[in-house]
Amino acid sequence: MYFVRDIFHLKFGHYKDVKALLDEARQKNLLPQAQSTRALTDFTGDAYRLILEAGYSNLADYEQQLGSELSQDEWKNWYERFKQHVDRSHREILKQII
């Protein structure tokens, strides 16, 4: 099992706007269609963080899903509104070994 974590460091005071956008994305099925998904927040450290985690059986499934999602106009429009609330981001791809 592989877990992909997209980690977004949000601008200060933007959490409520991001939460509303996440709710919208969930209602419109714009979030990854993975075996498992979850959204996590961290209100400690030097910035607010939003972590979107998705689980896949293999990396080929992840690549296929990513390609199909990023090509949708509705997702592109949503992401344009989302990214204005983000200072920086990075991605982790983790392999479950136990």
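Predicted model: local features only at pLDDT ≥ 70, side-chain atom pairs only at ≥ 80, totals over all residues.
**View 1. Span of helix H1.** Helix H1 comprises residues 15-27. With 13 residues at 1.5 Å a residue, H1 should span 18 Å, and this agrees with its end C-alpha atoms, which are 18 Å apart. Just after H1, asparagine 29 adopts a positive phi of about 55 degrees.

View 2. Val18, Leu21, Leu22, Glu24 and Ala25 are the buried residues of H1. Because these buried residues fall within an arc of 160 degrees when seen down the axis, they line one face of the helix. In an α-helix there are 3.6 residues a turn, so residues three or four places apart point the same way. Lys16, Arg26 and Gln27 lie on the other side of H1 and are exposed. Among the elements covering the buried residues of H1 are strand E1, strand E2 (36-42), strand E3 and helix H3.

**View 3. The buried side of helix H3.** In H3 (residues 73-83), the buried residues are Trp75, Trp78 and Phe82. Their arc around the axis is only 65 degrees, which places them on the same side of H3. The cover over these buried residues includes strands E1 (2-10), E3 (48-56) and E4 (86-95), together with helices H1 (15-27) and H2 (59-70).

**View 4. The opposite face of helix H3.** Asp73 and Asn77 are exposed, and the face of H3 that carries them is turned away from its buried side. The buried side itself holds Trp75, Trp78 and Phe82.

Terms used: Residues numbered from 1 in each chain as written. Heavy atoms only, no water. Buried < 20%, exposed > 50% of the residue type's maximum accessible area, 1.4 Å probe, protein only. Helix = DSSP H or I, 4+ residues; strand = E, 2+ residues; numbered from the N terminus. Arc of directions from axis to C-beta. Contact = heavy atoms within 4.5 Å. Expected span 1.5 Å × (residues − 1).
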